Amino acid sequence: MAAPLSVQVEFGGGAELLFDGVKKHQVTLPGQEEPWDIRNLLVWIKKNLLKERPELFIRGDSVRPGILVLINDADWELLVSTSGDSPPSTTPLTALEAGWGQAAPGRQDGSPLLPPFLLEVLGPQCLQQLALGK
Amino acid sequence: MAATEEVLTLQAEVAQREEELSSLKRRLAAALLAEQESERLVPVSPLPPKAALSRDEILRYSRQLVLPELGVQGQLRLATASVLVVGCGGLGCPLAQYLAAAGVGRLGLVDYDVVEVSNLARQVLHGEALAGQAKVFSAAATLRRLNSAVECVPYAQALTPPTALDLVGRYDVVADCSDNVPTRYLVNDACVLTGRPLVSASALRFEGQLTVYHYGGGPCYRCVFPQPPPAETVTSCADGGVLGVVTGVLGCLQALEVLKIAAGLGPSYSGSLLLFDALGGHFRCIRLRRRRPDCAACGERPTVTDLQDYESFCGSSATDKCRSLQLLKPEERISVVDYKRLLDSGSPHVLLDVRPPVEVDLCRLPHSLHIPLKHLERRNAESLKLLGEAIREGKQGTQEGVSLPIYVICKLGNDSQKAVKILQSWTDLDSLTVRDVVGGLMAWAAKIDGTFPRY
């Protein structure tokens with residue numbers, strides 16, 4: 001049984017427009033059988049925070065192309081699991097650590113992600129733009 | 001009497017000079033156009049190495065020369081460096097301005113677009129007098145006034161797959177200052193295929209982002225965004241709005257990264273992304289993923305071995321110009337000319353303006369009812385009440401049994417079609433005919449009322 005978890009969720013780069021324009025959300029995830037991981041956190045956000053057009057947020061069981069997800073300042077693709085073979089998206093948040101690699105001098109591999117968790121969802125305005133007029 | 005005569009003489013002379021002036025302007029415009037044709041892909045030779053700075057150069061660049069990190073060697077590298085600027089808009093203008101001021105050897109300027117009045121609030125190299133001229137010529141002229149030693153090469157054309165590799169390969173560093181997704185993929189792939197570092201930035205509303213791709217083993221654009229976003233999810237500056245200072249800040253940061261690469265200092269944002277929130281006043285840096293071994297462009301077994309058709313890859317066009325939706329049948333739409341006729345005839349109807357409030361504050365037709373599209377989408381109770389009242393009021397002027405038409409209008413005629421679809425889906429409105437006004441208020445401004453504001 002996973003205890004309730006407090007997470008700060010932020011939207012930017014246009015993703016906030018799917019959430020009534022609100023960028024910062026302080027949420028408490030309820031206690032549940034399964035531990036909280038990125039995948040079920042995204043589903044919870046879709047059910048509880050998303051205001052419109054879910055197809056612009058989620059495709060399959062991940063975010064749709066063009067959206068960047070960050071946890072505690074790191075691209076989620078940098079995260080690695082410390083609990084065996086499970087992929088980072090289905091690893092409990094507390095069992096993730098940042099595999100910074102050589103790209104980040106001064107930061108070492110294996111620094112675990114610690115609460116408070118900050119999850120950020122950046123929309124496709126991140127370095128991309130295009131037009132559909134009004 | 002003498003005074004009157006003098007006035008008449010002067011008036012005649014002024015008229016004659018004005019005639020001469022407009023003739024000169026016509027010749028200038030023709031000459032600029034001819035230049036545009038002849039400057040298609042001018043061949044550029046490599047910049048010769050430079051051994052020493054002249055006395056004038058030492059004075060001119062003295063404030064940056066005394067920085068030990070830059071010094072004479074750094075300045076000499078700048079003087080022999082060439083930078084390709086893709087897009088001479090809100091980012092490209094401040095970027096090119098600072099690169100020219102700092103003494104970069106050659107600037108290639110790429111843009112297919114012409115200067116419009118609505119560009120001037122952020123595209124600071126262009127002036128009022130050059131509205132209608134190609135942006136690259138306007139930018140090059142301003143840059144030459146700023147620093148005549150910098151060689152500016154204008155390319156008044158879009159960057160396209162047939163020319164991109166050749167063009168990108170002639171420059172040392174590339175700055176992506178473009179405004180659309182297909183161009184971002186095109187520039188990225190061209191940089192990966194020719195081995196050029198790419199400094200990329202974007203700005204929209206009050207937010208901006210900056211990163212460096214394909215430098216020193218770091219990720220490329222495709223590593224971070226392997227798939228293009230659905231076309232309908234991306235917003236242009238024309239739609240979303242942008243503050244000129246925000247593009248200015250990002251363009252300057254982009255220039256800084258280009259300068260550091262060109263001077264041999266190395267960039268700060270390879271593999272990381274700078275996020276700027278102008279409204280909250282925050283700068284943040286986040287770690288991006290590393291280069292993906294399976295990346296289609298820069299991976300170990302790349303599938304992108306030549307440039308492709310990026311517009312079809314992204315499902316969108318390589319401009320930030322607006323597309324026209326076709327959601328309705330012709331009989332469900334009315335032209336501005338026909339609507340004007342109907343309005344003049346005094347025929348009872350409701351005109352529904354579905355733009356966001358901030359745009360209605362700019363301009364509106366005085367007899368319109370304003371309900372934002374968003375409220376219609378959510379069946380906002382207050383808005384439904386307003387619409388109901390307007391319909392009841394309108395019906396008082398019609399005969400029993402005759403339906404009251406509703407005409408929906410927006411800025412360009414896309415949102416109005418969506419609104420018609422929504423209203424048609426409401427069964428309680430089935431005694432009404434709903435149409436939208438083709439081309440919206442901008443068509444009204446162009447064809448009916450020249451004094452109506454455009455934006």
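Helices here are DSSP runs of H or I with at least four residues, and strands are E runs of at least two. With that in hand, let's work through a few exercises on this predicted model.

**Exercise 1. Getting to know the two chains**

Task: Describe the secondary structure and burial of chain B, then do likewise for chain A.

Solution. 
- Step 1: Count the elements of chain B, which has 18 helices and 13 strands.
- Step 2: Look at its extent. The C-alpha trace of chain B spans about 90 × 85 × 40 Å along its principal axes.
- Step 3: Turn to burial, with under 20% relative accessible area as the cut-off. In chain B, 50% of the 455 residues are buried.
- Step 4: Move to chain A, where there are 1 helix and 10 strands. In sequence order the pattern reads β-β-α-β-β-β-β-β-β-β-β.
- Step 5: Of the 134 residues in chain A, 54% are buried.

**Exercise 2. A pocket with two chains in its lining**

Task: Work out which strands supply at least two residues each to the lining of the second largest pocket.

Solution. 
- Step 1: Start with the volume, which is about 330 Å³.
- Step 2: Find the residues that lie nearest the centre. Out of 16 lining residues, these are E10(A), E120(A), D277(B), H282(B) and R284(B).
- Step 3: Go through the strands. From chain A come β1 (5–12) and β10 (117–122), and from chain B come β6 (207–213), β7 (272–277) and β8 (282–287).
- Step 4: Sort the lining by class, which gives 5 nonpolar, 4 polar and 7 charged residues.

**Exercise 3. From a surface patch to its surroundings**

Solution. 
- Step 1: F206(B) is partly exposed because its relative accessibility is 34%.
- Step 2: Look across to G280(B), in the loop between β7 and β8 of chain B. G280(B) and F206(B) are 74 residues apart along the chain, while their C-alpha atoms are separated by 8.9 Å. At 40% relative accessibility, G280(B) is partly exposed too.

**Exercise 4. Following the salt bridges**

Task: Examine the salt bridges D20(A)–R378(B), K135(B)–D113(B) and D436(B)–R333(B), asking which parts of the structure each one joins.

Solution. 
- Step 1: Note the background: side chains of opposite charge can pair when their charged atoms come close. The count over all chains is 26 salt bridges.
- Step 2: D20(A) and R378(B) meet at 3.3 Å, N to O. D20(A) is in the loop between β1 and β2 (24–29) of chain A and R378(B) in the loop between α15 (373–377) and α16 (381–395) of chain B, so this pair joins two chains. D20(A) is partly exposed at 41%, and R378(B) likewise at 43%.
- Step 3: Widen the view to the network of salt bridges that links D20(A), E52(A), R53(A), K374(B) and R378(B).
- Step 4: K135(B) and D113(B) meet at 3.8 Å, N to O. K135(B) is in helix α6 and D113(B) in the loop between β2 (106–110) and α6 of chain B, 22 residues apart. K135(B) is buried at 5% relative accessibility, and D113(B) is buried at 11%.
- Step 5: For D436(B) and R333(B), the closest N and O atoms are 2.7 Å apart. The pair links strand β13 to strand β9 of chain B across 103 residues, and both residues are buried.

How values were computed: Residues are numbered from 1 along each chain as its sequence is written. Chains are lettered from A and ligands numbered from 1 in the order in which they are written. This is a predicted model: local features need pLDDT of at least 70, side-chain atom pairs count only at pLDDT 80 or more; totals for chains, interfaces and linings use all residues. Side-chain values use heavy atoms; hydrogens and water are left out. On a 1 Å grid over the protein atoms alone, a cavity is a set of points where a 1.4 Å probe fits but cannot get out, and a pocket is an open set with protein on both sides within 12 Å along at least five of seven lines; lining residues have an atom within 4 Å of a point. Grid points are joined across faces, edges and corners, and a volume is the space filled by probe spheres set on the points. Ala, Val, Leu, Ile, Met, Phe, Trp, Tyr, Cys and Pro count as nonpolar, Asp, Glu, Lys and Arg as charged, and the others, Gly among them, as polar. Buried means under 20% relative accessible area, exposed over 50%, partly exposed in between (1.4 Å probe, protein chains only). A salt bridge is a side-chain nitrogen of Lys or Arg within 4 Å of a carboxyl oxygen of Asp or Glu.
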